Amino acid sequence: MGVAVSGGADSVALLLLLLEFRERLGIVLSVVHFNHKLRGKASDADEKFVAKLAAKHGLEFHSASVYVAEKAKKERANLEDAARRARYDYFRSLAESGTYTKIAVAHTADDQSETVFAHLLRGTGLAGLGGIHPVAEPVIRPLLGIRREELRRFLRARKQSWREDATNRDTKRMRARIRKNLLPLIQRQFQPAIVEHVATLAELAREDEGFLDALVEERVRAAVRENDGQTRITVNDLLEPWKIAGFSTECTEDTEETEGRVALSKRMVRRIVESIKPRDGQFGAAHVETVLQLARHGRSGSSLALPGGVTVRKDRNALVFLAVENVGAKTLEDAAREYEYRVDLAHGEAKVNVAELGCVFRLRVIDWPPKRGETSMDEAVPDRDRLRFPLVLRNWRPGDRLRPLGHRSTHKLKRLLNEKHVSRWERDGWPVLTSGGELVWARGFPVAAEFAANERTRAGIVIAEEKT
């Protein structure tokens, strides 16, 4: 097990406590230090102090350093957030490399209270009230129930020194103001046991959050469908998640919209977005509400851009969530997938790689009647001798018309797609095959009647689509 030691009192106390209990716990200890390079020589002195402490107790020592201030500036990130991410990235790298299975860090009950108050002041929900988690693999926090002053008494009794970080007293930072001003005020004038009470609140909030997470996971798994990079949920399933098959609705049937239902709907939106977003982005309560408003009142075809590279669109009675992989990428409405490929069947077969759709079309000339298993429907096979070459595989265009085999008259392809309930985003790039400018075939439809194979056909063309 690695013990994260900054040199401060809490982490030094954690190390000494684990040294005392290591035989009883059956653990092998090493020391881990991360130098943020934020305080110049003082930061380097902290590292030397921790290295000497590890050597004194005969422990293996691992360290790393990052100029966090430069990293935060480059990423345009909050300094404390950048420091925390860099530190925990290092901890995870040690675990992933197999150096440690666990890394213990020294957060205390006081740290827990400060964190919960910081979340409250910034604005938070139940997850934020949960504060610091005791276990967040590979990190464990065995001191979350211990007060900071108890650890200092423990160190003094053993005549063990520690390092003080002057930035912890810098009241320009919110956490320092909470520690030095807010909590002492509450302890003096309102509740002496505020730290213990907040720690209990955080524990209860984490328990409730865990239950709700499991409930949301089950509801999302039952309601959400994923296909071709799209995540889809019907409006009814999102707004009335209690009514999804297999779930009791007895407590909600008498009300039009209960607080519990709305809470579950909001969590489902968060879960869907968090599961697909391709990059970081602060997805807050206001964004969740706009998604629900789109579900309730939005017109089919309307859409929203969400933080983290996600777009959500209303498609008739459903919401469709899509990840936009690249920063600044156009939405599908602005970037129609247009393509046109000539098909050469001179050698009896052709392979057309349509990068715009992420698929490959294979066309093959076969003797007619087809051999068993080569095609499942005669109506899907055009007669080679009725075609005029070269053939062209392209995206559908407004004005395209098709008379599928079995239809009495020609129809606009747009109408046929609407009748099949193909959304306008799915239609984008929809593949068709033309011969002399006339539609021979369109994905999902029988071949055009005038080109279809019949009893006089000597050779047909099988069209198959595969994902790349």
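**Exercises: helices, a sheet and one arginine**

H3 passes H4 in a right-handed crossing (the near helix is turned clockwise from the far one by less than a right angle). This is a predicted model, where local features need pLDDT of at least 70, side-chain atom pairs count only at pLDDT 80 or more, and totals for chains, interfaces and linings use all residues. Residues are numbered from 1 along each chain, and side-chain values use heavy atoms, without hydrogens and water.

**Exercise 1.** Find how the axes of H3 and H4 are placed.

*Solution.*
- Locate helix H3 at residues 68–75 and helix H4 at residues 79–96 (helices are DSSP runs, H or I, of at least four residues; strands are E runs of at least two).
- Their axes come within 9 Å and cross at roughly 115° (axes are lines fitted to C-alpha atoms, over the stretch in contact for helices; angles run from 0 to 180 degrees between N-to-C directions).
- H3 and H4 are therefore roughly perpendicular (65 to 115 degrees).

**Exercise 2.** Give the strand order of the open sheet of 3 strands, then name its edges.

*Solution.*
- The order is S13-S14-S20, with antiparallel pairing (two strands pair if DSSP finds at least two bridges between them).
- S13 (349–354) and S20 (459–467) are the edges, because each has a single partner strand.
- S14 (residues 359–367) pairs with S20 over 9 bridges.
- One example: Ile366 has Gly460 in S20 as its bridge partner.

**Exercise 3.** Is Arg152 buried or exposed?

*Solution.*
- Find Arg152 in helix H7, residues 148–157.
- Its relative accessible area is 16%, so Arg152 is buried (under 20%; exposed is over 50%, partly exposed in between, with a 1.4 Å probe and protein chains only).
- Beyond neighbours within four places in sequence, Arg152 contacts Ala9, Asp10 and Trp162 (heavy atoms within 4.5 Å).

Note on methods:
Angles under 35 degrees count as roughly parallel, over 145 as roughly antiparallel, 65 to 115 as roughly perpendicular and the rest as oblique.
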